[in-house]
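Subject: Structure handover

Hello,

Here is the structure I promised to pass on. My notes on it follow below.

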Amino acid sequence: MKNSIVLTIQKTGINGEGIAYLKHKPVFIPHALVDETVSVTLCEENDTYARAKVNSILKPSPMRITPSCSRCEGCALNFVKEEQQLAIKKDILSETLYKYARIPSDLVRSVHTDHIHKGIRSQCKLPVGEVDGKLVSGLYETGTNRFIPIEDCPMHTPDVERIRKEVLRLCTGVLKAYDPKRGHGLRYLIIRSLNGQGQCTLVTGRDEIPAPLVYSLSHIAGLTGLFQSINTEKKGTSLFGSSIRKLAGADWIETDLNGLKLRLSPRSFFQLNVPMAAELYRTATGKIDPCDVLVEAYCGIGAMSLLAHDKANTVIGIESVPEAIENADANARTSGIENCHFFTADAAEGLQNVLARMPVDTLLADPPRAGMDQAMIQTILSSSITKIIYVSCNPATLAKNLHALAGSYHPVTIIPFDLFPDTPHVESITVLVRNGMHDSKKKKYRKKKKNAVSLQQRKQNASD
């Protein structure tokens, strides 16, 4: 084959691609595993790195399997045995933490998984295109504008898939795919389904959804809420527009998580893999020592705050999405939890507001993929917070944040979770304590806070 090169894969990249070297230059090769010998064609090359595509596998890894689905690039590791997938995820996390923060790999524990790889995603957020006059949803090929339609996705729950297909069928012929020049059409399809309750948001341009279409969509079996959000931004990172309006049905759906009843509005964040999210949240809140004041930044609908309500006298949740705070307040009322309080604010501004009124003992944080911004880092560094439980979905931003916090805090354990099987994505919980807190001091601190919570419980019992 013209311009083909034979290379041996040396390591795995952060996106799950194989990395080989050509004249000491790294070559990133999707769908290739460590120790495999592959024939490739270079498709991009510059002074510092190159990218290539596989022509053939000359020496396959024993960890390679035949993927059950090859419709798109969404599941970059679906050709890899599960045990190797978990090893890759742990290596990505360990190597990234060492590269950016010099954190030793022995702090990274084994990856938690439930070994389930299909039918696990309770939500989809997909761009919409048009093929042969029919609306389709799909993904864009990595690094390109080439749209890849997806007819079926085995990763979605059956209800999400059924609703997705029916919405597209009913919208075909009524709406067009989004045209950025005109600012009209169906741009994204966002569907969530839990416990037989479905939510659908049509992200469109400046379109009025016809009443007959609203009627038809609202009668899809299991679809309990229909919404529209207008988004004509060309460079925005959010799929939703600045506002969202209900077209039909209920304002929210409800689900159960670790004994809590949780209310979810369309823009409220909630983990896609619910069973593994339950374990992630149990583990994170289990790392909180009894204390006086616990703050959860980026709290979303308040799930972890509510799970941790018995760990502190006062729990305060901060979230920038107003609808999520409305959900959190309602979730606290439904659960009869009175010591959890939530308010809408940017994470750094909200934490500064709390610190101005009271000392904070423990910070629980679950930031978006971009991690904590500099304002949040500086707010933490200027505080007297003793312990941080950091839930992360991005090893790179986690590592950079830990490096920035290293002057005042150090990690004591890092626990990875596999919420996205067949992909290189890995969630993790990092437990940090303030520098200088030795074991004896930490034991004294825990005893003091336990006594504080016990005193609060005695006062509550006396008042009942």
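Tyr49 has a relative accessibility of 24%, so Tyr49 counts as partly exposed (buried is under 20% relative accessible area, exposed is over 50%, partly exposed is in between, with a 1.4 Å probe and protein chains only). Before the rest, the ground rules. This is a predicted model, where local features need pLDDT of at least 70 and side-chain atom pairs count only at pLDDT 80 or more, while totals for chains, interfaces and linings use all residues. Residues are numbered from 1 along each chain as its sequence is written, and side-chain values use heavy atoms, with hydrogens and water left out.

Aromatic pairs

How many aromatic pairs does a search of the whole structure find? The count is 2. Rings of Phe, Tyr and Trp (its six-membered ring) pair if their centres lie within 6.5 Å; planes under 30 degrees apart are stacked, over 60 edge-to-face, and the rest tilted.

Tyr49 pairs with Phe28. The ring centres of Phe28 and Tyr49 are 6.0 Å apart and the planes stand at 75°, so this pair is edge-to-face. Phe28 sits in strand 4 (residues 25–29), and Tyr49 is in the loop between strand 5 (37–45) and strand 6 (50–59), so the pair ties together parts that are 21 residues apart in sequence. Helices (H or I, at least four residues) and strands (E, at least two) are DSSP runs, numbered from the N terminus.

Tyr140 and Phe147 also form an edge-to-face pair. Their distance is 5.6 Å centre to centre, with 70° between the planes. Tyr140 is partly exposed, at 46% relative accessibility.

Helix packing

Two packed helices are described by the angle between their axes and the distance between the axes. Axes are lines fitted to C-alpha atoms, for helices over the stretch in contact, and angles run from 0 to 180 degrees between N-to-C directions.

Start with helix 7 (residues 347–357) and helix 8 (residues 374–381). They pack at an angle of about 20°, with axes 8 Å apart. That makes helix 7 roughly parallel to helix 8 (angles under 35 degrees are roughly parallel, over 145 roughly antiparallel, 65 to 115 roughly perpendicular, and the rest oblique). The crossing of helix 7 and helix 8 is left-handed (the near helix is turned anticlockwise from the far one by less than a right angle; clockwise gives right-handed). On helix 7, Ala347, Ala348, Leu351, Gln352 and Leu355 make the contact; on helix 8, Ala375, Met376, Thr379 and Ile380 do. Contact means heavy atoms within 4.5 Å. The residues of this contact split into 7 nonpolar, 2 polar and no charged. Ala, Val, Leu, Ile, Met, Phe, Trp, Tyr, Cys and Pro count as nonpolar, Asp, Glu, Lys and Arg as charged, and the others, Gly among them, as polar.

Helix 8 also meets helix 9. Their axes come within 10 Å and cross at roughly 35°. This crossing is right-handed. Ile377, Ile380 and Leu381 of helix 8 touch Asn401, Ala404 and Leu405 of helix 9. The classes here are 5 nonpolar, 1 polar and no charged.

His403 belongs to helix 9 (residues 395–405). Leaving out residues up to four places away in sequence, His403 touches Tyr100 and Ala101. His403 and Tyr100 are 303 residues apart along the chain, yet their C-alpha atoms are separated by 6.8 Å.

Next, helix 2 (residues 158–171) and helix 3 (residues 211–218). Their packing angle is about 160°, with the axes 10 Å apart. That makes helix 2 roughly antiparallel to helix 3. The crossing of helix 2 and helix 3 is right-handed. Val167, Leu170 and Cys171 in helix 2 meet Leu213, Ser216 and Leu217 in helix 3. By class, this contact has 5 nonpolar, 1 polar and no charged residues.

Ser216 of helix 3 is partly exposed at 30% relative accessibility.

Positive phi

Is Lys23 buried or exposed? At 77% relative accessibility, Lys23 counts as exposed. Lys23 is in the loop between strand 3 (18–22) and strand 4. Phi of Lys23 is near 55°, a positive value in a residue other than glycine.

Asp422 is not a glycine either, and has a positive phi of about 70°. Asp422 lies in the loop between strand 21 (409–417) and strand 22 (427–434). Asp422 is buried, at 5% relative accessible area.

Best regards
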